Amino acid sequence: MGSGDDMKKKILVIAAIFAVLTAAAVIPAELFLHGVIRIDPSPERYPVRGIDVSSYQGDIDWEILSKENIRFVFIKATEGSSFVDRCFDNNFAEVQKTDLKTGAYHFFSYDSSGEAQADNFIRTVPAVGLTLPPVIDLEFYGDKQENPPPREQVRTELTAMLQRLEEHYGTKPIIYATGRSYSLYLSGEYEAYDIWIRNTIAVPSFGDGRQWCFWQYTDKAVLKGYHGDEKYIDMNVFHGTLEEFQQYTTERMPSK
């Protein structure tokens, strides 16, 4: 009887420790990173949800996918100075048959000039059909995570690309960033550009007090309508109500 009571006490102590760690977000952070626990923003606070896709999602049935409680999609178009996503043309054409607001994004290369990268995107992405601003995806690849390029070098090429895209499409592009790429290259700068931030652990916040416009909160969503090597899809929310989203797309995109 005594040994049983001791065991119960140990279990209660362990449970209490676990509860404290959980409340302090020590355990969840690790579980979030491994996809065991996934953040799900409040639909009341962030009712406008959307996705971003690339060739990893393979064949997409847009009629099915567009009905998965989403309002917008960003489609990968290009990367660097010459790469074009093999699924972009088909995805862009097919999504026009739905009610989804549509944008296209470019994966920024630290090894190509901003002008050359802008040329690649402009050759690939038609202005007609875009109902969301073009996006420059600023994150790390290869050894750039451990050896990030100098801030001024990146800013020079990023600024050149931003200016070219704005001139061509008639609207300021959105900049997508991770927490680290934002801190290194965007913090305190580029205030005129909307930010699309990735954070799969918590609601994003910036040290410079800036607000995000779009938030990629998970890369582990599963929806109906696509059949590729990657079974998951990225989910995002807009920072505002449905009415504010409709106003945003109207104001940000020039009439054709």
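**Exercises on a predicted model**

Strand E7 (residues 174–177) and strand E8 (residues 195–198) run parallel and are joined by three bridges. The model is predicted, so local features need pLDDT of at least 70 and side-chain atom pairs count only at pLDDT 80 or more, while totals for chains, interfaces and linings use all residues. Residues are numbered from 1 along each chain as its sequence is written, and side-chain values use heavy atoms, with hydrogens and water left out.

**Exercise 1.** Find the bridge partner of Ala-177 in E8, then follow the chain from E7 to E8.

*Solution.* Step one: Ala-177 has Ile-197 as its bridge partner. Step two: the chain passes from E7 through helix H7 (residues 179–186) to E8, a right-handed β-α-β crossover.

**Exercise 2.** Which residues of helix H4 (residues 88–95) are buried, and how are they placed around the axis?

*Solution.* Step one: the buried residues (under 20% relative accessible area, 1.4 Å probe, protein chains only) are Phe-88, Asn-91, Phe-92 and Val-95. Step two: they cover an arc of only 95 degrees around the axis, which puts them on the same side of H4. The arc is that of the directions from the helix axis to the C-beta atoms.

**Exercise 3.** Is Tyr-190 buried or exposed?

*Solution.* Step one: locate Tyr-190 in the loop between H7 and E8. Step two: at 10% relative accessibility, Tyr-190 counts as buried.

Note on methods
Buried < 20%, exposed > 50% of the residue type's maximum accessible area, 1.4 Å probe, protein only. Helix = DSSP H or I, 4+ residues; strand = E, 2+ residues; numbered from the N terminus. Pairing = 2+ DSSP bridges. Right-handed = clockwise from strand over helix to strand, strands pointing away.
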